[in-house]
Amino acid sequence: MFDYLRKTLLQDKKQDVLPKPVEKREEDHHKKLQIATAALFVEMAKADGNFSEEERERVIHTMRNTFHLDEACV
């Protein structure tokens, strides 16, 4: 999970040849923070060795309501 986060958070720096508009950079940064938040929620839920359906639903509910994400993104 942390490898995925590292790759995702550093991906733009490796691939960008031309600078993105400020709005696009802010949107990308916001999306990366959402991914990192979701990953941390999942890691915390799995910390006891049991990722229950209730924990899964709580993570989905929190991500959907906090970040106003659609079903496909969640």
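Arg 56 is partly exposed, because its relative accessibility is 37% (buried means under 20% relative accessible area, exposed over 50%, partly exposed in between, with a 1.4 Å probe and protein chains only). The structure described here is a predicted model, in which local features need pLDDT of at least 70, side-chain atom pairs count only at pLDDT 80 or more, and totals for chains, interfaces and linings use all residues. Residues are numbered from 1 along each chain as its sequence is written, and side-chain values use heavy atoms, with hydrogens and water left out.

Arg 56 takes part in salt bridges (a side-chain nitrogen of Lys or Arg within 4 Å of a carboxyl oxygen of Asp or Glu). One partner is Glu 53, with the closest N and O atoms 3.4 Å apart. Both residues belong to helix α3 and sit 3 residues apart, about one turn of the helix. Glu 53 is partly exposed, because its relative accessible area is 48%. Arg 56 also forms a salt bridge with Glu 57, at 3.0 Å from N to O. Glu 57 counts as partly exposed, because its relative accessibility is 39%. The whole structure contains 2 salt bridges.

The chain has 3 helices and 0 strands (both are DSSP runs, numbered from the N terminus: helices are H or I with at least four residues, strands are E with at least two). From the N terminus, the order of elements is α-α-α. Of the 74 residues of the chain, 20% are buried.

The mean pLDDT of the chain is 80, and 74% of the residues score at least 70 (pLDDT is the predictor's confidence in each residue, from 0 to 100). Where pLDDT is low, the predicted coordinates should not be read in detail.

Helix α2 has 25 residues. From its first C-alpha to its last, α2 reaches 36 Å, close to the 36 Å expected at 1.5 Å a residue (the expected span is 1.5 Å times one less than the number of residues). The buried residues of α2 are Asp 28, Lys 32, Gln 34, Ala 36, Ala 39, Val 42 and Ala 45. His 30 also lies in α2. His 30 is partly exposed, because its relative accessibility is 44%. The C-alpha atoms of His 30 and Phe 67 are 9.7 Å apart, although the two residues are separated by 37 residues along the chain.

The largest pocket has a volume of about 250 Å³. A pocket is an open set of points on a 1 Å grid over the protein atoms alone, where a 1.4 Å probe fits, with protein on both sides within 12 Å along at least five of seven lines; lining residues have an atom within 4 Å of a point. Grid points are joined across faces, edges and corners, and the volume is the space filled by probe spheres set on them. The lining of the largest pocket has 13 residues, and those closest to its centre are Ala 38, Val 59, Met 63, Cys 73 and Val 74. Helices α2 (22-46) and α3 (53-67) each supply at least two lining residues. The largest share, 5 residues, comes from α2. By class, the lining has 10 nonpolar, 1 polar and 2 charged residues (Ala, Val, Leu, Ile, Met, Phe, Trp, Tyr, Cys and Pro count as nonpolar, Asp, Glu, Lys and Arg as charged, and the others, Gly among them, as polar).
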